[in-house]
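Thanks for sending this one over. Here are a few friendly notes to read alongside the model.

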Amino acid sequence: MKKRLISEALYIGAFLALAVFFFFKNLGFENILSMGDTIPWLNQSLQDVMRAGFSYLWDSSYYMASRGVPIFLKPSSLLLLIFPAQHYPQVSLMVHLFIAGYGMFLFLRQMKLVLPAAFFGAIAFMFTNDTLSLILPGHLGKFETFAFYPLVLYFLHRAMDENRMRFFPFAGAFLGIAFLGGEVQVSLYFAVLLCFYFFYLLYRKKGDATLAAYLKEQRPAVIKDVLGYVSLGVVAILFTMQ
């Protein structure tokens with residue numbers, strides 16, 4: 001158990017180092033990104049609103065900053081609350097790049113890929129052309145939405161592969177966080193895809209048996225999986241209600 005924890009800590013450290021080194025030139029924060037969602041004055045306004053505890057909720061300053069959606073159960077909002085506004089864009093990109101890479105690594109391992117293949121796939125996912133095209137223009141919201149999808153798939157697979165209901169809410173939580181990234185239409189498309197993917201995973205469980213025979217013999221298990229998927233949706237909706 002201890003050896004496994006040490007190994008996992010090393011994996012986490014490796015992906016965190018990759019995320020940090022990708023922005024090595026910005027570690028000193030001399031070069032502040034100033035496009036898209038990284039506009040410095042907007043980040044400062046959002047931080048002022050959050051640190052004031054939303055005391056001037058109806059003030060014009062809030063409306064000026066409201067497009068940034070300062071929601072507390074959202075990683076980027078928590079980062080903006082903690083770090084100086086001028087440092088926030090680079091820190092947020094590092095954190096979300098790490099989440100995307102390590103999440104994909106977990107997912108590929110869950111898919112039974114050997115470690116070298118899982119590493120290669122996760123690193124390729126971190127630095128794919130889509131990722132770079134989302135990062136370089138400064139679109140933090142788009143990248144924040146994109147980064148959590150591997151974790152959704154990872155926990156959905158664990159729930160289905162291991163027949164453990166408790167993993168469905170985790171998948172729902174990360175889907176809800178993806179919705180909070182701001183690119184709602186992208187998350188809706190992913191949610192529709194996830195629905196079909198869930199039915200594929202459910203169908204795969206029947207093995208060589210006919211579908212009718214499987215539904216008849218394993219009806220309680222099928223109902224349990226469907227209820228688990230419903231709980232995934234409920235948790236995602238509860239997150240978006242913020």
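1. In this predicted model, the second largest pocket has a volume of about 270 Å³. Its lining is made up of Met1, Arg4, Leu5, Glu8, Leu106, Arg109, Gln110, Lys112, Tyr154 and Arg158.

2. Which helices each supply at least two residues of that lining? They are α1 (2-22), α5 (88-110) and α9 (149-162). By class, the lining of the second largest pocket holds 5 charged, 4 nonpolar and 1 polar residues.

3. Next, please look at α5 beside helix α6 (residues 115-126): their axes come within 8 Å and cross at roughly 145°, and the crossing is right-handed. On the α5 side, the contact uses Leu97, Ala100, Gly101, Met104, Phe105, Leu108 and Arg109. Facing them in α6 are Leu115, Ala117, Ala118, Phe119, Gly121, Ala122, Phe125 and Met126. The residues of this contact sort into 12 nonpolar, 2 polar and 1 charged.

4. Tyr11, Phe15, Leu18 and Ala19 of α1 touch Leu115, Phe119, Ala122, Ile123 and Met126 of α6. How do these residues divide by class, and how many are charged? The contact of α1 with α6 has 9 nonpolar residues, with no polar and no charged ones.

Terms used:
Residues numbered from 1 in each chain as written. Predicted model: local features only at pLDDT ≥ 70, side-chain atom pairs only at ≥ 80, totals over all residues. Heavy atoms only, no water. 1 Å grid on protein atoms, 1.4 Å probe; cavity = no way out; pocket = protein on both sides within 12 Å on 5 of 7 lines; lining within 4 Å. Points joined across faces, edges and corners; volume = space filled by probe spheres on them. Helix = DSSP H or I, 4+ residues; strand = E, 2+ residues; numbered from the N terminus. Nonpolar A, V, L, I, M, F, W, Y, C, P; charged D, E, K, R; others polar. Axes fitted to C-alpha atoms, helices over the stretch in contact; angles between N-to-C directions. Left-handed = near helix turned anticlockwise from the far one by under 90°. Contact = heavy atoms within 4.5 Å.
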